[in-house]
Structure formats: C-alpha cells, structure tokens
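Please have the model open as you read.

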Amino acid sequence: MALREVAERIKANPRVPVLVVGYSDPRGSAEANMTLSRLRARVVADALIANGVPTRRIRVIYRGATPGFESLESRRVEVRVDRGQR
C-alpha cells in the first residue's frame, strides 16, 4: 500500500494515534543498524506528515536489527494503530 493511501486512511480516522516502527537487518554494527532503522522510520513519518497527517498523531520508534531475518523483510517500516505498546 502506498504511503499516500495510508495517510488518507489515517486522516479518515482522526482519533486513531499512529505508530511508525523502523527495523534493519542484522548486517553491520548495532549502532549502524539503530541509525538506519531510525532514519527509515523518520522518512516514513515525514511522508505521512507531508500527506496531511498531523505530527501530534505520530509516534516514531526504531528497533534496529531484526534477529533471524536477513532478507528484505527485515529492512522495513511498519505503520500501526498505536495502542500504547512500546
């Protein structure tokens, strides 16, 4: 799903907070992976904001490497309904 469509769905539900979570694969140092996952999440959050989602509704976190995954799936950003999980 394209970020523009995700942003439209988020805007259609104005009471729903949004969680943007960045990940990386395990290659490289832990520090580099945290930085990469943070940057990935920030780019997606910025795109949602550029498409009209209010900044106050978005919480950004980053997880670094995804243990056990070395494929493209581990290099991802998830956009979720935020129910307060950390």
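Predicted model: local features only at pLDDT ≥ 70, side-chain atom pairs only at ≥ 80, totals over all residues.

Residues are numbered from 1 along each chain as its sequence is written, and side-chain values use heavy atoms, with hydrogens and water left out.

Start with the largest nonpolar core, which has 11 residues in all, among them Val6, Ile10, Val18, Leu48 and Val53. Such a core is a set of buried Ala, Val, Leu, Ile, Met, Phe, Trp, Tyr and Cys residues joined through side-chain atoms within 4.5 Å; buried means under 20% relative accessible area (1.4 Å probe, protein chains only). Helix H1 (3-11), strand S1 (18-24) and H2 each give two or more residues to this core, and H2 has the largest share, with 4 residues. Helices are DSSP runs of H or I with at least four residues, and strands are runs of E with at least two, numbered from the N terminus.

Val53, one of the core residues, touches Ala7, Ile10, Lys11, Leu48 and Ile58, not counting residues up to four places away in sequence. Contact here means heavy atoms within 4.5 Å.

Now turn to Arg57, in the loop between helix H2 (30-50) and strand S2 (58-65). Is Arg57 buried or exposed? Arg57 counts as buried because its relative accessible area is 11%. Its neighbours, not counting residues up to four places away in sequence, include Ile10, Lys11, Pro14 and Val16. A polar atom of the Arg57 side chain lies 2.5 Å from the backbone oxygen of Val16.

Key: Buried < 20%, exposed > 50% of the residue type's maximum accessible area, 1.4 Å probe, protein only. Polar contact = N/O pair within 3.5 Å; in protein donor to acceptor, adjacent residues only side chain to side chain.
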